[in-house]
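Reader: Could you take me through the side-chain contacts of a model, giving the general idea of each feature before the particular case?

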Amino acid sequence: MPTVVLMDVSLSMTRPVSLDGSEEFQRKNLAVHGLNMLFEHMASNYRLEFTALMAFSSLWELLVPFTRDYNALQEALSSLEDYDKTCIEAALNGVNNVVQQEWGSGCPCQVVLVTDGSLGIGKGSLRHSLQTLKHRGEDKKFPLPFPFPTKLYILCIANSEELQMTDAMDNLEHLLCLSGGDGQIFTMEGPLCMKSVQTMFGRLIDHAYSPFHAVLHCGNLSSDVQVFPRPEPMVVDEEVEPMPRAVSTDLEIVGFIEIADISSPPVISRHLVLPIAVNKDVDEVGAAATDELEDEPSATQMAGKSPNFCVLLHGSLKVEGMVALVQLGPEWYGMLYSQADSKKKSNLMMSLFEPGSEPLPWLGKITYLGPVSEAAENPYGEDDSKSPFPVQPPAKRSYAQNVTVWIKASGLQADVQKILRNARKLPDKTQTFYKELNRMRKAALAFGFLELLKGVADLLERECTLLPDSAHPDAAFQLSHAAQQLKLASTGDSQYADFDHNIAPMHTDFSS
Amino acid sequence: MKMFSVAHKTVFVVDHCPYMAESSRQQVECDVLTKSRAQGVIPLAPVSKSLWTCAVECSMEYCRILYDVYPKDKLVFISRVEMKTFALKQVNYIVSDSEFHILNSWRRGDQSTHELMSALAAVGPPNPREDPECCSILHGLVAAVESLCKITELQHEKRTALMDTAERVANRGRIICLTNAKSDTHVRMLEDCIQETILDQNKLAAGSDRLMGIQQCELVLVHIYPQGEDTLVSDRPKKEISPLLTSEVHSVRAGRHLASKLNILVQQHFDLASTTITNIPMKEEQHANTSANYDVELLHHRDAHLEFFKSGCFFPPLPGDLHMAGTSTRENNFKETVTLKWCTPRTNNIELHYCTGAYRISPTDVNSRPSSCLTNFLLNGRSVLLEQPRKSGSKVISHMLSSHGGEIFLHVLNSNRSTLEDPPSISEGCGGRVTDYRITDFGEFMRENRLTPVAESSHDPSGKVPVERAKAQLERYTRYWPMIISQTTIFNMQAVVPLANLIVKETLTEEDVLTCQKTVYNLVDMERKNDPLPISTVGSRGKGPKRDEQYRIMWNELETLVKTHAGATDRHQRVLDCIIACRSKPPEEEERKKRGRKREDREDRAEKNGSKEMEDKSWQDSERLKGLLEKGEQDAEVIKDSPDSPEPLNKKPRLMVDEVQPPERAKGPVSLLSLWTNRITAANSRKHQEFVGRVSSVNNKFELYQHLKEENGMDVHENGKASR
């Protein structure tokens, strides 16, 4: 889930912070300090995240496009300049453009807005934007909600008392609500100083950027893993099940399925499953940063040499062309598979299915998937030539069952012509003739289209008179029999117009 | 879409009054004469459908699309809708003019076009000779409201499942009324009547368990009139009659106008969108060697085009919005559809596409030749990639058509940049440097642990659902499963395979036990003949462990494997007994020496693992350590071995295994290392008091935490095993 950091560089950010120490800080310095801390954390614990840095005042500028190079981001922070007034609406439009250009409109994004709570004045201020929300044309719509799913984090270099003195807090809350309500507003606690800004960014990190650690189990085999990006909790139906479901930290493999059988299933998200060293159980943000430089090379080397279940699993999934079905929680499943990059690199990947007991119709209910060994005979065949999948639905769809639709005249004409074509080839085509005749009869009865039955009966009688001398004598018998039966059905008399009744070929001495 | 939106229940009320027997005045020529036969034959007069026939076939088409796209109460992805169609119709009898006919129920089994066709045939067309004064669509509408109060299977299941929050299950529904109304006032009268009936029914429902009050009802009134006549009823966009009831009126000519109106309605009501597949190459019947390109239109859930709608590449007005805005003058020949191009390089089914959604489709024109060609092609198991038509630039493949179990799905493929690009390769991470993983063996393991659908009716005596049994099997199969080749001997030996395959089974037959025993005897035989073993000597220098040491390692490992299963049944235990009886035991001293070395490794694991696992872990550790310590020459390539391999010379074969158990040392010179370690161990043991456990151990074993057992009863051991 890419992140856009949106940094307020308006003049109000240069307001000095009263401190008892000798050094004088601006709010901007506090913000930069906090963001540096965030970037450092991401560099060491969340380094696969793509992050972009934008600065805004009345205009906006993309300082660093989406990157994993956290040094570049920190460098850009150190050379921020000061501009005029805050204009959040313009900046949000900028975010919209930047994100859609890079990731399209389906990719969920996190937006970290860092501001001081003075939200501009007059036209272009957030207050003005929100007030005019309802009186806008199609072309000047407020950018929120974004077309892509958004988590909006608003970090205020101000404490909540300050924000509540004006309507700033209300406006920010309104803004969060407009973006879809997913996100949070962070304010500073206590005096504005380095320490409290650290606490605030620490809360953001815990909330949104802590790595997701889990244990992948396959019976007694297991491996500690990091799942990246973090799997997000999921609300299935806000009315019936309003509580979001979260992915469990124990990922349990339940069995294996061939790629051809699972056949490109729809997934709600994809995640890398990265094995991690076992003894690294505490990820202290501050401590890790200093120690890591010396310790890490040897630690990773050691970890690289001891066998890990993920690597084994990945290798075999890749060679066999299979996926592992993995349980993520109650009635929630996903799959593990080997994903190859364009180059030689490949990786263990996990995709999450829609929560529920039957995410893929062609697998049936997941709880009713059992081990092959229990089946009386191997459903895959002795030589792997068969497969128990896909599971067939109880009823066929319309396109698979030769339904009758006469909405267009051509449909009706084609059906009638098909009967006539077969009628001319009697008695060779007796079976097909009656099959088509009965199909037409059933539809005509259901639609109450009795006139058609009479019409077709007339047509058959005419065909009878047109039979050439060389025709088989049976043909005439069958045609007049069929015509007579249709006439009877066209009276609507329940005795002859029963839907489930089929006109059977007439038994003649010729047909044997 | 919510699970229980108005789309959950749809009631069709089709007017069966005598007036509906009128002709629609749209004529169909069904006698198409071929040129050769045209002479002297009078063509049949064209037939025309009645208003009733038009209404019925269009409503059936509505249901057909619906059942294709939402066959169950749940569709793949996003929304779940249970579609229940009532064809309610009103039959007029002179004796009782209040009669109506309910054609099906909310039961899932009743929800199919075939059921409806059969019921409709039983009703038959309206009788034009009945007295029109005696019949009214009202009876049908009242029955429709009543039926909306009846609970569906899905509602029942959800209410039962939610228990105390059962009130979250809502009851909403839609009534589609196909009739010929007399005037706008008549329409208003019908609306009022429905409103009153809802209030009455809700009162009834409040006191009943079997009924649910209606929270929201949408009335869609379609006024049908013959071609060439003027309508007496005016169109009206959706308006709120009361908080419970909204109503809209459509006035349509019978025939194709009605058909396209219902087609638009079904799209609006069920969030459908249309896609036209263009450039489908299809063989011409007449000219088999040429192929013309055809287009086929499909309907499916709107979300398949979410990306288009959002990104603004394609902006059709939502059918619903359009209507609500009151601009219902939409022309029928104007159709909003997303065009996607057939893409020739076909995809194979062993490729796993990144697919963000899959939606069932229904062809708009189901039995046209292009449609059936496309659907048959797909039903035969082939998939087609679809690309967005672009004037220039690279091609973007955005969708895929594919069938699964006789159902065709439109898959949405991700065509954006991935946020997971350029990840670190797995070989760079933990365990990435290890090169001798048992990849092939694990592949075999995966094939044995493949899943298969189990009939819901089949009952297992253990009471576990199949997926739990699958997990239990995985647990059994992995009790002892070394991940790398150099960690194992037995799994590199063909001779052990029969036993290794059988021992993991939940239950063994007598025959299985016999096979296992044979395997063991076979191993004994090999040992007697002094066959080489595929012992790993990774990283070792010199000759590697002596052959008798190799066998000791092998037996230890085999014992470890079987021990993890010995508790399952008596037969499993018998296999273990057989091994213990047959193997040549190393002297006590040797064993103790080994234990001394591995103590540290064992201790941190002892807490986590049950006593049995502890043993195999420590076994692995000790072997690995050994491997590192006793450096030997690399000759680990011997994977295959068999009793047929040539017997080594100058080794005296033993006669009977059981009786001869010479002390280990007698069989060869002692290595310098073991001499040294023995000495150190002896010296060390003098410096400290021996552990209580070791002093009072039986067969070198001592049960830890015995006092826990006394405190908690017998469960302790079990728990220790279970908690991993």
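This is a predicted model: local features need pLDDT of at least 70, side-chain atom pairs count only at pLDDT 80 or more; totals for chains, interfaces and linings use all residues.

Reader: How many aromatic pairs does the structure hold over all chains?

Author: Rings of Phe, Tyr and Trp (its six-membered ring) pair if their centres lie within 6.5 Å, and planes under 30 degrees apart count as stacked, over 60 as edge-to-face and the rest as tilted. Over all chains there are 23 such aromatic pairs. In one of them, the ring centres of Phe309(A) and Phe442(B) are 5.7 Å apart and the planes stand at 80 degrees, so the pair is edge-to-face. This pair crosses between chains, from helix H10 (residues 309–320) of chain A to helix H10 (residues 439–448) of chain B, where helices (H or I, at least four residues) and strands (E, at least two) are DSSP runs numbered from the N terminus.

Reader: Is Phe309(A) buried or exposed?

Author: Buried means under 20% relative accessible area, exposed over 50%, and partly exposed in between (1.4 Å probe, protein chains only). Phe309(A) is buried at a relative accessible area of 0%, and Phe442(B) is buried with a value of 0%. The rings of Phe445(B) and Tyr477(B), with centres 6.3 Å apart and planes at 65 degrees, also make an edge-to-face pair, which links helix H10 of chain B to helix H11 (residues 466–477) of chain B across 32 residues. Ring pairs join Phe256(A), Phe309(A), Phe442(B), Phe445(B), Tyr477(B) and Trp481(B) into a cluster.

Reader: Which ring does the charged end of Arg438(B) sit over?

Author: A charge sits over a ring if NZ of Lys or CZ of Arg is within 6 Å of the ring centre and within 35 degrees of the ring normal. The charged end of Arg438(B) sits over the ring of Trp481(B), 4.0 Å from its centre.

Reader: Which residue forms a salt bridge with Lys345(A)?

Author: A salt bridge is a side-chain nitrogen of Lys or Arg within 4 Å of a carboxyl oxygen of Asp or Glu, and the whole structure has 44 of them over all chains. Lys345(A) forms one with Asp422(B), the closest N and O atoms being 3.3 Å apart; Lys345(A) is partly exposed at 25% relative accessibility, and Asp422(B) is partly exposed at 40%. Within chain B, Arg552(B) and Glu549(B) meet in a salt bridge (2.8 Å, N to O), and both lie in helix H14 (residues 547–566), 3 residues apart, about one turn of the helix.

Reader: What joins the side chains of His399(B) and Ser398(B)?

Author: A polar contact is a pair of N or O atoms within 3.5 Å; within protein, one must be able to donate a hydrogen and the other to accept it, and residues adjacent in sequence count only if both atoms are side-chain atoms. Such a contact, of 2.8 Å, joins the side chains of His399(B) and Ser398(B). His399(B) belongs to strand E16 (residues 396–404) of chain B and is buried, with a relative accessible area of 3%.

Definitions and conventions
Residues are numbered from 1 along each chain as its sequence is written. Chains are lettered from A and ligands numbered from 1 in the order in which they are written. Side-chain values use heavy atoms; hydrogens and water are left out.
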